[in-house]
Amino acid sequence: MMENTIVNIQRETSEEAEQAQLAAQIFTDRAVAAIRSVLKTGPSLSHCVECGEDIPIERQRAVAGCELCIYCQSASERLRQR
Ligand SMILES: [Zn+2]
């Protein structure tokens, strides 16, 4: 009787640990993706992939691998935060 209770508690605890691990994994994946998008390297595009607007040369130099104009970048960041 007492042993069953202990087994149940252990089972629940391990399920909670699994969920916490899963949540941590999702969080890590998101963090890695966010860091990758920030650390994107390579040549910047001269035109925005979203709207085709010119990307100012200052922005091309400041943001490595820049693909979006300032407007589309801020719009996509707003979407991501939801
Ligand atoms: Zn754009």
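**Confidence.** I looked up the confidence of the model and found a mean pLDDT of 85 for the protein chain, with 89% of its residues at 70 or more; pLDDT is the predictor's confidence in each residue, from 0 to 100. The model is predicted, so I note that local features need pLDDT of at least 70 and side-chain atom pairs count only at pLDDT 80 or more, while totals for chains, interfaces and linings use all residues. Residues are numbered from 1 along each chain as its sequence is written.

**Fold.** I recorded three helices and zero strands in the protein chain, in the order α-α-α. Helices (H or I, at least four residues) and strands (E, at least two) are DSSP runs, numbered from the N terminus.

**Burial.** Of the 82 residues, 5% are buried. A residue is buried if 20 or more other C-beta atoms lie within 10 Å of its own, exposed if 12 or fewer, and partly exposed in between, with C-beta atoms placed from the backbone.

**Helix H3.** I checked residues 70-81: the 12 residues reach 17 Å from first C-alpha to last, close to the 16 Å expected, which is 1.5 Å times one less than the number of residues. Helix H3 lies largely in the open, because zero of its 12 residues are buried.

**Histidine 47.** I located histidine 47 in the loop between H1 and H2. Histidine 47 counts as exposed because it has 12 C-beta neighbours inside 10 Å. Its C-alpha is separated by 7.5 Å from that of cysteine 69, 22 residues apart along the chain.
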